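Have a look at the structure first, then try each task before reading its solution.

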Amino acid sequence: MLELANVSMRFGGLHVLQDVNIALPPEGSIFGLIGPNGAGKTTVFNLITGLFRPTGGSITFDKQSLVGLQPFEVTRRGIARTFQNIRVFKEMSLLDNVVVGMHRHLGYGALGTLFSSPAVRMAEKQARERALELLSWVRLDHKARATADSLSYGEQRRLELARALATEPKLLLLDEPVAGMNASEKTELMVEIRNIRARGYGIFMIEHDMRFVMGLCERVAVLNFGRIICDDVPEVVQRDPQVIEAYLGRDEDPLQEATA
Ligand SMILES: Nc1ncnc2c1ncn2[C@@H]1O[C@H](COP(=O)(O)OP(=O)(O)OP(=O)(O)O)[C@@H](O)[C@H]1O
């Protein structure tokens, strides 16, 4: 699976990450990364997915280095990602949103598309069937022909999940999946993420909602000022003095909320 060893990242004189070590458990588990605002969490995802190159350390997936790869190459290796802000194509149907995500798998070139050969039509048919299946995993298959802008906020987030799955990843990176969701949308997403994990996918999420993280993850790492200060099962993380200290002085205390 995914392993970050002594990863560092500097932007000019700013040390955003220092000697970060993260080893995800084997496939089919859920790992969480938490930490106060600005701790460096999104930067970790940006390094994994090839948007930035680390200034130090190594990042490997299934024992092969990801450092220096372009984002599309990282996707090809089997890592898909969703973003903090929703990035669905609002004027396209749900089905098309998912099919677009899988085009690298269709395996025919521009000429094939132009002449629409039987092989191409078969591939398109299979892609639509797979897209419908992925939409059913997030319970949106009944809306497959609707346009994405007709969906509620929570549904659009679930559509993003289906679209990420369309690249046939082994590992899904979710950046704040429940941001902006109401309580019932969060509960629904929790069930769906558990179902996806049960299908054998690895899940690595950044999330501020402690109840969600602690309820869902098998293991949680905590970043503070660019360093991992704790990496353990949720019950231990919630009671760790350094973690409590890192969250002290905030307006709200997410750790308290998680245990309430
Ligand atoms: N491209 C960049 N250039 C310069 N500084 C950056 C860049 N990207 C991130 N940073 C800085 O790195 C630090 C960590 O940012 P990052 O977005 O990774 O934090 P985060 O933990 O994801 O925060 P949040 O929880 O608020 O999303 C911040 O100080 C940010 O300003």
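**Exercise 1.** Work out how strand β4 is joined to β5.

Solution. Start with the link itself: 2 bridges connect β4 (residues 56–61) and β5, and the two run antiparallel. Strands here are DSSP runs (E, at least two residues), helices are H or I runs of at least four, and both are numbered from the N terminus. Two strands pair if DSSP finds at least two bridges between them. Next, pick out a facing pair: Thr60 sits opposite Ser65 of β5. Now zoom out to the open sheet of 4 strands, ordered β2-β1-β4-β5 with antiparallel pairing. β2 (14–23) and β5 (64–65) each have a single partner strand, so one side of each has no neighbour in the sheet.

A word on the model: it's predicted, so local features need pLDDT of at least 70 and side-chain atom pairs count only at pLDDT 80 or more, while totals for chains, interfaces and linings use all residues. Residue numbers start from 1 along each chain as its sequence is written.

**Exercise 2.** Decide whether Leu2 is buried or exposed.

Solution. Then count: 21 other C-beta atoms lie within 10 Å, so Leu2 is buried. (Buried takes 20 or more such atoms within 10 Å, exposed 12 or fewer, partly exposed in between; C-beta atoms are placed from the backbone.)

**Exercise 3.** Find which element gives the largest share of the shell around the ligand.

Solution. β2 and α1 (41–48) each give two or more residues to that shell. The largest share, 3 residues, comes from α1.
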